Amino acid sequence: MKERVMDRYQRLMIIHGLLVIAVAMLAGFMLIFNLIGGFELWPGKIIKFDVYGTEAGWVRAHSGGIMNGILVIVIALTLPKLKLGAQSFAWLAWGFIYIAWSFTLFYWIGNASNNRSLTVGGNRLGEADWLSIIGILPGLPSVVLVLILLFIGVKGALASKGDG
């Protein structure tokens, strides 16, 4: 029974990790479009259009998204090595999935926000707007949740130390 549940969580996490990476790859296209000011249809023939955000913002959305997707996949692959109860496995699986998607949302929306969605109110980067709130609020719990979940994972790894 435990192995079936573990397999389900692993597959779920791998799927979400890969989807987060796919969205990060789209951010890579947005980076290219931002850098060249459009899309190169043919060598030397660029269809010009504007892309919201900054070069640095798209670099973060691209590389940060890839790393978050990889994190979810790596945690998924470590699950069988952890000695934890069913509820802890559920928290790890759903928690890391939530973290990856909330940070993905943060990267994309923060790139359009006046204050980069780093604060609910204004900051030195700009005044708050409705995008600031949409970008930061889902990610705020993730900043604490990731540390809690990593601690749970370490605890599970240490508990399974003598198991082979």
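**Exercise 1. Which accessibility class does Arg-11 fall into, and what is its relative accessible area?**

Solution. Step 1: the relative accessible area of Arg-11 is 47%. Step 2: the classes are buried (under 20% relative accessible area), exposed (over 50%) and partly exposed (in between), taken with a 1.4 Å probe and protein chains only. Step 3: Arg-11 is therefore partly exposed.

The model is a predicted one, in which local features need pLDDT of at least 70 and side-chain atom pairs count only at pLDDT 80 or more, while totals for chains, interfaces and linings use all residues. Residues are numbered from 1 along each chain as its sequence is written, and side-chain values use heavy atoms, with hydrogens and water left out.

**Exercise 2. Find the partner of Arg-11 in a salt bridge and describe the pair.**

Solution. Step 1: a salt bridge requires a side-chain nitrogen of Lys or Arg within 4 Å of a carboxyl oxygen of Asp or Glu. Step 2: the partner is Asp-7, and the closest N and O atoms are 3.0 Å apart. Step 3: Arg-11 and Asp-7 are about one helical turn apart, because they lie four residues apart in helix H1. Helices (H or I, at least four residues) and strands (E, at least two) are DSSP runs, numbered from the N terminus. Step 4: Asp-7 is partly exposed, at 37% relative accessibility. Step 5: the structure holds one salt bridge.

**Exercise 3. How many helices and strands does the protein have, and in what order do the elements run?**

Solution. Step 1: the protein has five helices and two strands. Step 2: starting at the N terminus, the order is α-β-β-α-α-α-α. Step 3: for the overall dimensions, the C-alpha trace spans about 60 × 40 × 20 Å along its principal axes. Step 4: of the 164 residues, 41% are buried.

**Exercise 4. Describe the aromatic pair of Phe-29 and Phe-33, then that of Tyr-52 and Trp-58.**

Solution. Step 1: rings of Phe, Tyr and Trp (its six-membered ring) pair if their centres lie within 6.5 Å; planes under 30 degrees apart are stacked, over 60 edge-to-face, and the rest tilted. Step 2: searching the whole structure gives six aromatic pairs. Step 3: Phe-29 and Phe-33 are stacked, at 6.4 Å centre to centre with 25° between the planes. Step 4: these two residues are four apart in helix H1 (residues 2-36), so about one helical turn separates Phe-29 from Phe-33. Phe-29 is partly exposed at 46%, whereas Phe-33 is buried at 16%. Step 5: Tyr-52 and Trp-58 are edge-to-face, with 5.2 Å between centres and 65° between planes. Tyr-52 is partly exposed at 36%, and Trp-58 is buried at 0%. Step 6: Phe-29 and Phe-33 also belong to one aromatic cluster with Phe-39 and Phe-49.

**Exercise 5. Which residues make the nonpolar surface patch of about 520 Å², and which element gives the most to it?**

Solution. Step 1: patches take residues with over 30% relative accessible area and no salt bridge, joining like charges within 9 Å and nonpolar side chains (Val, Leu, Ile, Met, Phe, Trp, Tyr) within 5 Å. Step 2: the members are Leu-26, Phe-29, Ile-32, Leu-35, Ile-36 and Ile-46. Step 3: H1 gives the most, with five residues. Step 4: Ile-36, for example, lies in helix H1 and is partly exposed at 38% relative accessibility.

**Exercise 6. Which residues have the most contacts inside the largest nonpolar core, and which residues does Leu-79 touch?**

Solution. Step 1: a nonpolar core is a set of buried Ala, Val, Leu, Ile, Met, Phe, Trp, Tyr and Cys residues joined through side-chain atoms within 4.5 Å. Step 2: the largest core has 33 residues, and Met-13, Trp-58, Leu-79, Leu-92 and Phe-96 have the most contacts inside it. Step 3: H1, H2, helix H3 (86-110) and helix H5 (140-159) each supply at least two residues of this core. H3 provides the largest share of this core, eleven residues. Step 4: a contact means heavy atoms within 4.5 Å. Leaving aside residues up to four places away in sequence, Leu-79 touches Met-6, Tyr-9, Gln-10, Met-13, Phe-89 and Leu-92.

**Exercise 7. Where are Arg-116 and Ser-117 found, and are they buried or partly exposed?**

Solution. Step 1: Arg-116 is in the loop between H3 and helix H4 (130-136), and Ser-117 is in the loop between H3 and H4. Step 2: Arg-116 is partly exposed at 33%, while Ser-117 is buried at 0%. Step 3: phi of Arg-116 is near 60°, a positive value, and Ser-117 has a positive phi of about 60°. Most residues other than glycine have a negative phi.

Notes:
Areas by Shrake-Rupley, 256 points an atom, 1.4 Å probe, with all protein chains shown as cover.
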